Amino acid sequence: MEQVGSLLICCLYDVVRIGDAMDFQVGDVIKMKKAHPCGTNQWEITRVGMDFRLKCKGCGRQVMLPRKQVEKSFRGKYPAD
Ligand SMILES: [Zn+2]
């Protein structure tokens, strides 16, 4: 992912596509590569930044993950209510 920066500069279409895919906001509910041990794979974003805080929608447990880890494990976004 280290080359993304130069891609962003030279290809406007990719800017839009990558930007859309990785547009995380507080309140978003996302699906990750691995479900939480409680069996739920719905994570609500409660903080964004260098580190993300995710809250399991099943049991309410919160975890902190580096942004890169979230991007790597990201498998999709659930539609907003
Ligand atoms: Zn859980």
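Arg53 stands opposite Met64 in β4. This is a predicted model.

Trainee: What else stands opposite a residue in β4?
Mentor: Phe52 does; it faces Leu65.

Trainee: How do you know that β3 and β4 pair?
Mentor: Count the bridges. Two strands pair if there are at least two bridges between them. Five bridges join β3 (residues 51-56) to β4, and the strands run antiparallel.

Trainee: What lies between the strands of this hairpin?
Mentor: Five residues lie between β3 and β4. In this hairpin, Gly60 takes a positive phi near 85°.

Trainee: What makes β4 an edge strand?
Mentor: Look at the order first. Five strands form an open sheet, β4-β3-β2-β1-β5, with antiparallel pairing. β4 and β5 (74-78) each pair on one side only, and they are the edge strands. On average, neighbouring strands of this sheet are turned by 40° against each other, direction ignored.

Trainee: Why is β4 called hardly covered?
Mentor: A residue is buried if 20 or more other C-beta atoms lie within 10 Å of its own. Strand β4 (residues 62-66) has five residues, and the count of buried ones is zero. So β4 is hardly covered.

Trainee: Why is Gln69 called partly exposed, rather than buried or exposed?
Mentor: Gln69 has 14 other C-beta atoms within 10 Å. Buried needs 20 or more; exposed needs 12 or fewer. The value 14 falls in between, so Gln69 is partly exposed.

Trainee: Where is Gln69?
Mentor: Gln69 is in helix α3 (residues 67-73). Its C-alpha atom is 9.1 Å from that of Asp51, 18 residues apart along the chain.

Technical notes. Residues numbered from 1 in each chain as written. Predicted model: local features only at pLDDT ≥ 70, side-chain atom pairs only at ≥ 80, totals over all residues. Helix = DSSP H or I, 4+ residues; strand = E, 2+ residues; numbered from the N terminus. Axes fitted to C-alpha atoms, helices over the stretch in contact; angles between N-to-C directions.
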